[in-house]
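Hi,

Here is the structure I promised to pass on to you. Please have a look, and my notes follow below.

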Amino acid sequence: MSIIKFPNDFEFGTATAAYQIEGAWNEDGKGENIWDRFTHVPGHIQDKTNGDIACDFYHRYKEDIRLAKKLGIEVFRLSVNWARILPDGQGEVNLAGIEFYRNVLREIRENNMKVCLTIYHWDLPQKLQDKGGWANRDIVKWYTDYAEILFREYGNDVDYWITINEPYCIAFLGYWTGEHAPGLHDYSTALQAVHHLLLAHGAAVKKFRSCNLSSEIGITLNMGMACPENADDGKDVEAARRSVMAGNCLFGDPVYLGRYPEELFEFLDKKGVVLPEIREGDMELINQKVDFFGLNTYTAGTIKYDASQWPLETGSVGSGRERTEAGWEVWPEKFYELLSWIDNRYGHPAIIITENGAANNDWVDSQGKVVDSNRIEYLKRYLKEVSRAVDNGISVKGYYVWCFTDNFEWAYGEARRFGIVYVDYKSQKRIPKESAKWFSDVIKEKGFEIKE
Ligand code: FCB
């Protein structure tokens, strides 16, 4: 048995996102967003559910926030639904939307938790998508104007601002594989969207600095390490490197180093991808000083060379490890490797793990309990690596579990449960799972015991 201990000022939290929990999709003046549109088209969501009601957080936020407090959560991460604030994405402000988030943020603070607020977690107003969405460079201004409203309205109610959650998924799942809204299929457009997402991030940070707020700001990037399937095969080794460049460096390098990975762009250019239009001053705008590196990570990849996979020619294979219900391999050692890779490559930034967690096949037993031992095991193994990183001088400041309550898991719908609190979608009853009780003790003790 060994004891894992975290420093006293290490912050434990939980994360959520607006579309996944709020519901109230057409109430109080909210405009339509791309996920409202996307989920209402048959065939897009595996279990045919949508976020119209989700966890009904819009009406039940007090109950949820008080439950989080009861469990001892220190930081409550949530996001703002852009079309609640600006139904058309720009122009007229919806006062009911402003009021809603003001009440939510106050409730969190009155319950003595810190607030981590994501400005954009995937729910673009449909009216802006109709103008091209992230593929249209005008979005840099649309987004910055929207962010400025939030800075002005909620400047004193937020501790950590996240400009954008996972630009990788927004661009590549939304504009290339089409698994996510808006469901498009063009790689070059996706790459152009990456550039606009990063520009929007930089412009918002610049705007934030001009507001002189005392809170901190950063971006959340999803990253993972990749191993070649066959370490003796040069093509596999190169493919794994390319996968890290396309998944990690494409985002981290411009934000922290002010440049795109040139080798990756040369490769894509040869494959016929149209490279993004980069104007003078763009890289400086993206390369703003940020206060923390928001990291989302769940698994790691095993990559082989696969000529049929245009344009990257990378194929993903299993490594035989245990998998969570999301089908993602449990590979905690790679979490440590990733933290140390970020630390090295980006000059020892302060890191907040803004998401990590496991989907599990949870059900309520005859005693009314949800015994999610696999999730506890996952969290233990991953947190152990976080603690190893902290002990070795990597500056990890906080860790947020994805997710607080079960919620609408994008293309998979309600079928994938990630919460530490169970939601019965019919009755909207909440039941803290065993993992919630375990996590609550971890927070109290700033540590836990693990069998080695
Ligand atoms: C991340 C998303 C989050 C959730 C988890 C499981 O990619 O940021 O909204 O869906 O995955």
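**Barrel and ligand site**

Gly-294 stands across from Ile-352 in β11. This belongs to the pairing of strand β8 (residues 292-296) with strand β11 (residues 351-355), which is parallel and runs over four bridges. Strands here are DSSP runs of E with at least two residues, helices are runs of H or I with at least four, both numbered from the N terminus, and two strands pair if DSSP finds at least two bridges between them.

Before going on: this is a predicted model, where local features need pLDDT of at least 70 and side-chain atom pairs pLDDT 80 or more, while totals for chains, interfaces and linings use all residues. Residues are numbered from 1 along each chain as its sequence is written, and side-chain values use heavy atoms, with hydrogens and water left out.

Eight strands close into a barrel with parallel pairing, in the order β2-β3-β4-β5-β6-β8-β11-β12.

Now the ligand. Residues around it (a heavy atom within 4 Å) include His-121, Trp-122, Glu-355 and Phe-418.

Best wishes
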